[in-house]
Amino acid sequence: MDRTAKMHQKLGGFDLKHKSVVPLPTYMVKKNERILGLNSYQRLHYWLLNQCKKDYREKLGDWHMALPKFKTLKIKYTIYFKTKRKKDLDNYTAPLHKFMCDYLVENGVIPEDDYTIVTGFSSEFGGIDDNYAIVELKGEEELTQDKAFNAIVEGMKILKWGEDESKQE
C-alpha cells in the first residue's frame, strides 16, 4: 500500500463495517406477537403502525451509540426465522429496512435515508433459529474532530515512514 492509500485509509476514506443482531419488527394480535411483514404493514391502521415503530425503537435502545456517523451506507440483512414455514423474504425485509433507516436518521447516524446516503441494501435467508436479523452496516464514516486530529498525527507518521521506506529502496 502506497503512502497516499495509507493516508486515505487513516482519514476514513475506506468503507467500515459494523455488524449487529437486531430483532425483527413485530405487532400484537389478540395477545400474540407476530412478525411485521409487508402484507400486514399495508393493512394495519396508521396508529398501530406508529406503535410498532415506537416499540421497535425501544427494542433497539441505545444501539446507535455504538455506531459512527456515516456519509454513505449500504445495509445487508441476514434474516432468521423461528419456523421452517417458507416465507417471502422481501415481505419481511421491507418493514425492517424502513424502520431501521428511520431509526438511524432519528438518532443522527445518517443525515437522511435517501438514495444519496443509503446507496443500497440486500437481504438473505440465514436459516432456522429464532426471529431476528443480523444487520451489517457498511459505509464511509464521517470524520469527527477527534478522528481528524488522530488521523493527522497518524498521517504524519505514515509520511515519515513513507520517506524512510523510499530511502531504503
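Visitor: Which helices each supply at least two residues of the lining of the largest cavity?

Guide: In this predicted model, α3 (46-60) and α4 (89-106) each supply at least two residues of that lining. The largest share, four residues, comes from α4. The lining residues are Lys-53, Tyr-56, Arg-57, Phe-99, Asp-102, Tyr-103 and Glu-106.

Visitor: How many cavities of 30 Å³ or more does the structure hold?

Guide: The structure holds one such cavity, and about 30 Å³ of space lies in the largest cavity.

Visitor: What is the make-up of the lining of the largest cavity by class?

Guide: The lining has three nonpolar, no polar and four charged residues. Tyr and Phe count as nonpolar, whereas Asp, Glu, Lys and Arg count as charged.

Visitor: Why are Asp-102 and Lys-53 said to form a salt bridge?

Guide: The closest N and O atoms of Asp-102 and Lys-53 are 2.7 Å apart, and the cut-off for a side-chain nitrogen of Lys or Arg and a carboxyl oxygen of Asp or Glu is within 4 Å, so the pair is called a salt bridge. The two residues belong to distant parts of the chain, with Asp-102 in helix α4 and Lys-53 in helix α3, 49 residues apart. Lys-53 and Asp-102 are also linked with Lys-98 in a network of salt bridges.

Visitor: What makes Asp-102 buried?

Guide: Asp-102 has a relative accessible area of 10%, and buried means under 20%, so Asp-102 is called buried.

Visitor: Why are Glu-106 and Arg-57 called partly exposed?

Guide: Glu-106 has a relative accessible area of 43% and Arg-57 has one of 30%. Partly exposed is the class in between buried, under 20%, and exposed, over 50%, so both values place their residues there.

Visitor: Where do the side chains of Lys-82 and Asp-130, linking distant parts of the chain, lie?

Guide: These side chains meet in a salt bridge (3.9 Å, N to O), with Lys-82 in the loop between β4 (73-81) and α4, and Asp-130 in the loop between β5 (118-128) and β6 (132-140), 48 residues apart. Lys-82 is exposed at a relative accessible area of 52%, the cut-off being over 50%, whereas Asp-130, at 36%, counts as partly exposed. Across the structure, the count comes to seven salt bridges.

Visitor: How do you know what α4 should span?

Guide: At 1.5 Å a residue, the 18 residues of α4 should span 26 Å, and the end C-alpha atoms of α4 are 26 Å apart, which agrees. Just after α4, Gly-108 takes a positive phi of about 75°.

Visitor: Why is α4 described as largely enclosed by the rest of the structure?

Guide: Of the 18 residues of α4, 13 are buried, so the helix is largely enclosed by the rest of the structure. For the protein chain as a whole, buried residues make up 34% of the 169 residues.

Visitor: How many helices and strands does the protein chain have?

Guide: The secondary structure comes to five helices and six strands, and from the N terminus on, the elements run α-β-β-β-α-α-β-α-β-β-α.

Note on methods:
Residues are numbered from 1 along each chain as its sequence is written. This is a predicted model: local features need pLDDT of at least 70, side-chain atom pairs count only at pLDDT 80 or more; totals for chains, interfaces and linings use all residues. Side-chain values use heavy atoms; hydrogens and water are left out. On a 1 Å grid over the protein atoms alone, a cavity is a set of points where a 1.4 Å probe fits but cannot get out, and a pocket is an open set with protein on both sides within 12 Å along at least five of seven lines; lining residues have an atom within 4 Å of a point. Grid points are joined across faces, edges and corners, and a volume is the space filled by probe spheres set on the points. The expected span of a helix is 1.5 Å times one less than its number of residues. Buried means under 20% relative accessible area, exposed over 50%, partly exposed in between (1.4 Å probe, protein chains only).
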